[in-house]
Amino acid sequence: MSEFDLKIRSRDIKTLLDQIKKNDPKVNIDIVNKAYEFAESAHRGQLRYSGEPYITHPLEVAITLAILKLDTTTISAALLHDVVEDTQTTIEILKNKFNGELAQLVDGVTKISSIKNKSKFSAQAEYLRKMLIATIKDVRVIIIKLADKLHNMRTIMFQDEEKRKTIAKETLDIYAPIARRLGMSMICSELEDISFHVLFPDEYNRIRDSFSERKTELDSYFDNIKAVLIESFKKFSIETEITGRAKHYYSIYRKMKFQNKDFDSIYDIRAVRIITRDIKDCYAVLGVVHSLWSPITSRFKDYIAVPKSNMYQSLHTTVIGPDGHRLEVQIRTQDMHATAEMGIAAHWLYKEKNLSIGKNYKELTILENINKQFDNTTDIREFMRDLKMDLYEDEIFVFTPKGKIVKLSKESSPIDFAYAIHTEVGEHTTGAMVNKKIVPLRTRLKSGDIIEILTSKNGHPSESWLKLVRSTKARYKIRSWLRKNIEKHPSEETGLKSRREKSKKQEKTVQVTIPVNEHKKLNKMSKKTVPGLSIAGTSNVEIRLSQCCQPIPGDDVIGFITRGRGMTIHKKTCPSLKRLKDESERFIEVVWEGNETEYYPVKIAVFGLDRANLLKDVTDQISLTKTNILKMEANVKDDKTAEIKFILEVKSNTHLNEIMQMIKKIGNITDIYKLNEKVVLNKK
Ligand code: MN
């Protein structure tokens, strides 16, 4: 459906040039032609694992960028992105032959490529992601790198199995999140889906098959919706483009896995996207949609008035569509759609359109660009904060020549680096090379520097080093060496501790178990009767509330007479009832009685973006509803998403809804729902 799905074989320079001309017929393509000729001859004789000439790779990367409508300098840099790494060409040559701007872009991409994520720790991936964003001044470097990654992933089947898994994991850990943060959802989705296919082929195939089984049904549902919409829009002369939403297997998998939902409950939600000519029409379309089908009010989001921090804009609403299916509707203009798919790349281009192409790229970094555009809005501050990682401004991330990441404090010297590698290295340091140039030991390191320490058997620490170092470890080690060698008084210690600290997991888990003093009440759950429930025409029946759907007073319920175990009460919507449908004579109508005197443990999950006091705010809101918290578990992931699970004592679903409404009011909360899993309380 997207242009990315075009088959990748047999595309040539003409495809690239046509795409560029399509974007802007007047653009000068000399530099692109020159870059292609240069790259083609530099890579001549090299082959990809697929057996194709190497040039097919940079060409595909360039085509992706042309589709993203990037400028010709960036496209030319993409054609040349591997020449420094894989051929005799140097950055100097590129600077002379082309220009400094292009050479800098290639240099940036080459630097990223020299970084290998050796560690299996997720903390390392997190560093790397932050470092990439924080150090690269020109965001086009990352855009080229993402396009490079995309083509490598598209051709990953030519790698051997083990390598495939490593690459896919790295893509999922590092590059896909960067693409998402930059709002480049089109690239992000494809990177995720290919990685997902490589890492979890069975799960991938299961989801794909579930989709194809339902294809006819989903297609005809969509056709019907589309016809109804077009008919209505005609009356108001609103011009639109209506599409179904592209399926993204990995996001379905994630929902199934992390939100405990089954495929049916996810696929059950139908989705449609409506693209309009202008903002005014977006709201007109919204009005029409709401007049056709009744909206679920809590699901309406106006991201046009309040854009997301990655610049995403759209109206989101969910309505009860034909046949009672939930229908998610996204409404946005063509420009907003481009931003949604291409993120930062699209936004940037609109801004540049009115300026002479190329000129301003050098002077303004993307961050400054956006900052000007969104002056004084909270969201842009948030966005800047995300990108710049102010939290980390007193830390830098540097690299060993083999690409291992070393975290140091700001203003660290090569000596700090040497000691961070190993005390032995520190104590024999005689000099240092930063980015392949010999530098004095007093040099201050910057994020992204690649450092090589020169050592010699005769080298040893000196008093003057104490003035150069920033880290406690280096200072301590130098002092103890000096003491040992001057006073002949050996002192001993190891660097183990700090290394252990370094690899400490970033994820923090707070588990709070609140002593339950109302066990008696809870135990009634499994007792013979469920108070508050009246059953038509029966008495003295053993009643249990089913564990699969966990009904609470107020829910629409039905009783099922089991063989020998009394009656179980299910919600009428419980999926397990389908299995029992052949035994309809064993179902019995039941109703809840009016007075809510009993409490039921219910598990809920709350999702949000972490911030100070988030947890406290949530628990405060809960206590405002006079609800007892039986258990709570909070989890903050590396990407700052927080997941808080509660077991609460509730009286009824009205009570539960009240609690959920209160929590929804809190800033940063993104999702909240009841979990239908067995509630187990730890009695300790
Ligand atoms: Mn490449």
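Strand β4 (residues 315–320) is mostly covered, with 5 of its 6 residues buried. Here, buried means under 20% relative accessible area, with exposed over 50% and partly exposed in between (1.4 Å probe, protein chains only). Strands (E, at least two residues) and helices (H or I, at least four) are DSSP runs numbered from the N terminus.

This is a predicted model, in which local features need pLDDT of at least 70, side-chain atom pairs count only at pLDDT 80 or more, and totals for chains, interfaces and linings use all residues. Residues are numbered from 1 along each chain as its sequence is written, and side-chain values use heavy atoms, with hydrogens and water left out.

Two strands pair if DSSP finds at least two bridges between them.

| Strand paired with β4 | Sense | Bridges |
|---|---|---|
| β3 (residues 301–302) | antiparallel | 2 bridges |
| β5 (residues 326–333) | antiparallel | 6 bridges |

Aspartate 302 has leucine 315 in β4 as its bridge partner, while threonine 318 stands opposite glutamate 328 in β5. The hairpin of β4 and β5 has 5 residues between the strands, and aspartate 323 there takes a positive phi near 60°.

Now to the metal. His57 (NE2), His81 (NE2), Asp82 (OD) and Asp148 (OD) coordinate the manganese ion at 2.2 to 2.4 Å. Donors are N, O and S atoms within 2.8 Å of the metal (3.2 Å for Na, K and Ca); water is not among the atoms, so sites may look incomplete. Along the chain, the donors follow the spacing H-x23-H-D-x65-D. Histidine 57 lies in helix α3 (residues 56–67) and aspartate 82 in the loop between α4 (72–79) and α5 (83–86), so the pair ties together parts 25 residues apart in sequence. Histidine 57 is buried at 1% relative accessibility, and aspartate 82 is buried with a relative accessible area of 5%.
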